[in-house]
Amino acid sequence: MAKGLDVGTMNILSAQQDGTDTVFVQQRNSFVEIEYSDMAEQMLSRSEVLHIRKDDKVYVVGDDALNFANIFNKETRRPMKHGILSNDEQSAIPMMKLIIEQVVGEPAYPDEKLYFSTPADPIDSELSTLYHQKTIESFLDDMGYDAEPINEGMSVIYSELADNNFTGLGISFGAGMTNVCLAYYAVPVMKFSVARGGDWVDEQAARATGTPVDKVTSIKEDDFELDFTTDVGGVEGALSIYYENLLDYVIENIVQEVDEEDVEEGLDIPVVVTGGTSSPDGFEALFRDHLEEANIPFSISGVSHANEPLYSVARGGLVAARSDEDVDHEEEADEAEAAPATE
């Protein structure tokens with residue numbers, strides 16, 4: 001057994017193998033605060049709504065948070081911002097711990113291998129990911145896991161590019177950040193993030209149209225298509241505009257980083273895009289069109305979209321964890337074979 005964990009700004013997901021199937025567990029990474037009463041807490045418990053009580057407040061956590069926010073006309077709160085733990089949210093750590101515990105469960109045995117996603121430091125911000133990474137690692141270690149961080153972009157390559165010898169450009173469009181990794185035979189050649197993702201798109205569209213951010217997010221997640229046929233002035237029109245701007249921004253930074261890293265010319269590599277922000281219909285075609293117009297100094301053999309973009313990062317963590325676990329078992333077998341026989 002082994003597990004992969006996608007620690008995302010919008011969603012937290014785990015992946016583990018069950019026979020020939022991969023099983024995913026998901027919770028929305030958000031919460032909403034409501035007034036405490038005995039009746040309210042009893043009803044939440046009976047309905048199996050994930051929540052915790054603190055003093056005279058009850059915090060509804062995970063998938064139910066958005067529903068309660070809409071009912072009580074409140075904004076959901078996020079434990080993470082820009083891809084890492086939010087330093088503006090005092091309840092970030094206990095909320096994250098609760099959600100992670102629900103998603104990964106107890107280890108099947110002591111020191112079960114678990115790889116969790118972590119973003120690269122963004123090149124367009126002074127944010128550091130180190131505190132976030134070490135805090136998540138501490139949560140998991142305390143639970144009894146042998147936890148290891150894996151770069152989010154590299155996790156995409158493990159998940160989606162096995163048939164290409166783990167060679168290619170993996171791009172994870174998350175809520176808080178967009179992570180990019182170029183790998184050659186599973187060795188990272190270039191990895192970075194930018195501090196823009198789905199949240200940035202939602203915030204800009206909300207500001208442009210005077211619509212609450214949670215409402216914009218709900219519209220985006222409800223059959224939104226990047227077809228550019230929507231009248232400009234509405235929420236969907238604003239979303240399309242800022243989606244296109246996000247893609248241009250990411251591609252511009254890819255070109256810049258490729259130049260700075262002096263990546264070898266003449267490469268012919270596939271590109272795979274994934275992440276919850278890449279889910280709308282039309283995203284793959286729009287990204288391909290913009291990428292073809294960019295001046296990238298290597299050939300693109302094709303652009304593909306992960307079949308299950310929301311699960312890609314967690315699946316990549318699982319692939320890495322299982323590979324690491326196999327290596328440990330082989331080393332143990334070699335040591336046992338080399339050990340002198342005892343009478």
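**Note on the domain 1 and domain 2 interface**

1. No residue pairs in polar contact turn up across the interface of domain 1 and domain 2: the count is 0, with both residues required to be at pLDDT 80 or more. The model is a predicted one. Salt bridges between domain 1 and domain 2 also number 0.

2. What kinds of residue line the side of domain 1 that touches domain 2? There are 2 nonpolar residues, 2 charged ones and no polar ones.

3. Domain 1 is made of two segments, 30-36 and 47-75. Domain 2 runs over 162-305. Each domain puts 4 residues into the contact. The domain centres, taken over C-alpha atoms, are 32 Å apart.

4. How much area is buried between domain 1 and domain 2? The figure is about 310 Å². Carbon and sulfur atoms give 40% of that area. On the domain 1 side, Leu 66, Asn 70 and Glu 75 supply 96% of the area buried against domain 2.

5. A separate point concerns aromatic pairs. The whole structure holds 10 of them. One of these is Phe 31 with Tyr 59, in an edge-to-face arrangement. Their ring centres lie 5.9 Å apart, and the planes make an angle of 70 degrees.

6. The Phe 31 and Tyr 59 pair links distant parts of the chain, 28 residues apart. Phe 31 sits in strand 4 (residues 31-35). Tyr 59 belongs to strand 6 (residues 57-61).

Note on methods
Residues are numbered from 1 along each chain as its sequence is written. This is a predicted model: local features need pLDDT of at least 70, side-chain atom pairs count only at pLDDT 80 or more; totals for chains, interfaces and linings use all residues. Side-chain values use heavy atoms; hydrogens and water are left out. Domain bounds come from an automatic or database domain assignment. Contact means heavy atoms within 4.5 Å. Buried area is the accessible area (1.4 Å probe) that two parts lose on being put together, summed over both. A salt bridge is a side-chain nitrogen of Lys or Arg within 4 Å of a carboxyl oxygen of Asp or Glu. A polar contact is a pair of N or O atoms within 3.5 Å; within protein, one must be able to donate a hydrogen and the other to accept it, and residues adjacent in sequence count only if both atoms are side-chain atoms. Ala, Val, Leu, Ile, Met, Phe, Trp, Tyr, Cys and Pro count as nonpolar, Asp, Glu, Lys and Arg as charged, and the others, Gly among them, as polar. Rings of Phe, Tyr and Trp (its six-membered ring) pair if their centres lie within 6.5 Å; planes under 30 degrees apart count as stacked, over 60 as edge-to-face and the rest as tilted. Helices (H or I, at least four residues) and strands (E, at least two) are DSSP runs, numbered from the N terminus.
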